[in-house]
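Please open the model in a viewer and keep the selection tool at hand. The tour begins with the whole chain and then turns to its parts.

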Amino acid sequence: MNVTKTCNEFEAKTKKAESDRQSELKAFDDSKAGVKGLVDAGIKKIPSFFVDENDKPISSDDDGNNNNNSRFSFPIIDVKGVNDVASRSEIIGKVKTASEEWGFFQIINHEMPVSVMNEMIERVREFNEQDADVKKKYYTRDPSRRFQFKSNFNLYTAPAAAWRDSVTCVMAPNPPDPQEFPDVLGYVDITFEYSKYVMKVGHTVYELLSEALGLNPSYLKDIGCAETMLLASHYHPPCPEPELTFGNRTHVDIGLLTILLQDQTGGFQVLHQNDWVNVPPLVGGLVINVGEFLITNDKFKGVLHRALVFKEVPRISVAAFLKPHSKDIGDNARVYGPIKGLITEEEPPLYRDTTYKEYETFYLSKSGDGKPKLPYFREQTNLVVQPNIHKLPPALRMGSQNPSRVVKPPLEQTTPYGRAELPKRPIDKPSSTEESSVKYPFIGYSP
Ligand SMILES: [Fe+2]
């Protein structure tokens with residue numbers, strides 16, 4: 001057998017298959033009609049780029065119809081009375097337990113009126129179910145557009161696409177001009193109203209998380225965790241083959257905190273002790289989870305989650321992602337690490353310092369692989385020397401580590417930032433070439 005010839009033929013076939021796939025993706029994207037457009041066209045089988053043979057919804061304890069038989073019950077926390085001394089400590093205890101054990105919880109009786117939540121869902125439905133030609137003018141991947149409608153922020157890079165169309169918009173600190181919003185009755189008003197309330201809820205949750213971590217109530221807000229809010233509304237049309245794809249593929253969230261509103265359809269699942277557990281849709285419920293970048297030195301962890309789709313009905317969700325301020329993306333980006341107030345001699349930092357830009361670029365370069373990304377930033381004891389945080393202005397030391405742990409590097413290993421050359425970046429970290437070729441906008445992605 002001519003091994004070289006066989007290898008060359010295999011390589012040619014692989015390249016052809018990838019080229020065909022990219023052509024299919026581009027044709028889908030160019031239609032500007034999204035997944036809903038495929039459904040409206042009457043497809044009976046879903047395109048192969050929505051299928052990952054290694055990751056399908058059906059498992060031994062999941063019948064693909066949102067009726068899995070998990071041993072666990074998802075934590076639900078009633079935050080009524082959060083400002084009463086007596087009930088607050090009990091609520092904080094529940095938040096602490098849920099954050100430690102699940103990384104997720106659902107709150108009820110919070111600041112957001114149910115009427116606002118319901119209207120937000122209905123306006124998202126109305127936007128997505130209007131005529132495709134009307135929606136097309138908003139379909140874009142142009143980062144300069146503040147209001148973006150598109151299908152799959154990582155369409156061309158993920159191993160498989162998710163069954164969803166999304167609208168994304170950064171609503172804080174500087175919301176877009178209302179003129180940029182679609183001409184759907186009430187869409188702009190409810191988006192601003194919803195954003196106002198979701199920020200209130202976010203502040204309350206940050207207070208609870210701060211106290212659950214043993215910090216003062218304003219700690220997380222004070223270090224800038226609530227500065228930016230991206231609102232992402234997802235519409236998952238009915239799917240002819242729900243057993244083959246997902247509405248949202250397995251992932252951890254990229255930001256600091258996510259507040260999720262889901263409709264009453266269900267389908268949202270969280271991985272807990274190797275079990276996919278359904279998050280029950282509750283009237284008035286908001287699902288909370290910590291993003292990976294809230295680096296609590298493993299006290300609270302970002303946890304894998306996903307969303308199923310259904311054959312007969314659409315599913316709608318609205319996610320608010322609280323993230324660092326956009327100024328953290330540029331050259332003067334603040335340095336983040338395990339939250340300083342949690343670091344002691346007994347509990348040294350488990351992760352190295354980084355910037356949101358570095359983390360975000362890495363996250364997006366690996367988007368869709370179904371794995372947490374923070375482990376790539378784990379400290380490598382005896383190999384990495386602490387950056388010299390004293391050379392940075394105080395404002396740039398947001399979550400910096402305990403200065404007492406800074407190890408003075410040998411002279412030949414010193415860099416301008418005090419980090420030893422060995423190794424600069426963790427194993428499997430994208431090379432500088434890969435990094436520079438990935439041009440993702442700050443807005444527009446929605447894990
Ligand atoms: Fe998520």
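The model is predicted, with local features needing pLDDT of at least 70 and side-chain atom pairs counting only at pLDDT 80 or more, whereas totals for chains, interfaces and linings use all residues. Residues are numbered from 1 along each chain as its sequence is written.

Colour next by secondary structure: the chain has 9 helices and 12 strands, taken as DSSP runs (H or I of at least four residues for helices, E of at least two for strands) numbered from the N terminus.

Now select Val95, Cys225 and Leu257, which touch the most other members of the largest nonpolar core, a set of 102 residues. Such a core consists of buried Ala, Val, Leu, Ile, Met, Phe, Trp, Tyr and Cys residues joined through C-beta atoms within 7 Å. Helix H6 (residues 187-212) gives the most to this core, with 10 residues.

Centre on Val95. Beyond its neighbours within four places in sequence, Val95 is in contact (C-beta atoms, placed from the backbone, within 7 Å) with Ile77, Phe105, Leu208, Leu209 and Ala212.

Move on to the open sheet of 4 strands, ordered S6-S11-S8-S9 with antiparallel pairing; strands pair if DSSP finds at least two bridges between them. Strands S6 (248-251) and S9 (275-278) stand at the edges, each with a single partner strand, so one side of each is left without a neighbour in the sheet.

Finally, select strand S8 (residues 268-272), which 4 bridges join to S9. Leu271 has Trp276 in S9 as its bridge partner.

Terms used. A residue is buried if 20 or more other C-beta atoms lie within 10 Å of its own, exposed if 12 or fewer, and partly exposed in between; C-beta atoms are placed from the backbone. Two residues are in contact if their C-beta atoms, placed from the backbone, lie within 7 Å.
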